[in-house]
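Some labels in a structural description rest on a cut-off. The questions below ask what stands behind a few of them.

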Amino acid sequence: MSARGWMAGFVTVAVLGAGAVVADRVAADRAEQEVSDAIVANLEDVQGEPQVEVPGFPFLPQLLRGSIEDLDARVDGATVGGIAMTDVRVAARETSTSAPHAMGEAVLTATVPTASLEQTIAERAGAAVAVTVDGKRLAMAGDVFGLALAAGLVPRVEEGRLLVDVDRLTLDGVQVDVSALPEQTGDRLTDLEVPIEGLPEGLTLTGAEVVADGLRVTAGGTDVVLPANAP
């Protein structure tokens, strides 16, 4: 083959290869947009533009197979399970490319800010409270029956429920055992629950950790389904 013929063949292969790469990226972009639309449809009060990434190349074989191997999505904020949360992230494996989208495995992480915790705990405790972060635990301060209340809050997840245990309780500066309080008051400060309900089918709350701006919660599961229609 002449040098000119070899060069022409090389250019043809390069053009075809570049075309395949572009087509692959276009398909991946469309899949990312479809997942983004599904996120908006299945979460309330979405803040910011959903950021969806389908890593890996090539993508077209995954599309033909009907399943995306890995997928990462994030929104600045949204209402999840009835609670306003921030920095909501989803990492999924084996996500179906057709609606309703099903995820073979999925992990959702999000931050419940102190403002959301204040509202929920105040409703349960029956008094206005302020919630702040104190190292690896939370702190609560408020007024109960005219007495200044201060307490430490220790979060835990039990059987898929987010609970908060009250410890280091003081009233007007005097340390008090929660169990020694009148029954009506003590019950309000025992096993405080932050209700996170209505998670996508297949997701279960698994953990909670105190972070700089609230609680970072984690939910995971298999065979997670995103309904085709908005809630």
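Q: Why is S116 called buried?
A: The model is a predicted one. S116 has a relative accessible area of 9%. Buried means under 20%, so S116 is called buried.

Q: Where is S116 found, and which residues does S116 touch?
A: S116 is found in helix α3, residues 114–125. Not counting residues up to four places away in sequence, S116 touches I83 and A84.

Q: What makes β4 and β5 a pair of strands?
A: Strand β4 covers residues 83–96 and strand β5 covers residues 101–113, with seven bridges between them in the antiparallel sense. Pairing takes at least two bridges, so β4 and β5 count as paired. A hairpin of four residues joins β4 to β5.

Q: How do you know that β5 pairs with β13?
A: There are 12 bridges between β5 and strand β13 (residues 214–226), and the sense is antiparallel. The requirement is at least two, so the two strands pair. T111 stands opposite R216 in β13.

Q: What makes β3 a partner of β4?
A: Strand β3, residues 67–80, forms 12 bridges with β4 in the antiparallel sense. At least two are needed, so β3 and β4 are paired. I68 has T95 in β4 as its bridge partner. The hairpin of β3 and β4 has two residues between the strands, and G81 there takes a positive phi near 60 degrees.

Q: Which residues have the most contacts inside the largest nonpolar core?
A: They are M85 and V88, in a core of 43 residues. A second, separate core has five residues, including V54, I68, L71 and A73.

Key. Residues numbered from 1 in each chain as written. Predicted model: local features only at pLDDT ≥ 70, side-chain atom pairs only at ≥ 80, totals over all residues. Heavy atoms only, no water. Buried < 20%, exposed > 50% of the residue type's maximum accessible area, 1.4 Å probe, protein only. Contact = heavy atoms within 4.5 Å. Core = buried A, V, L, I, M, F, W, Y, C linked by side-chain atoms within 4.5 Å.
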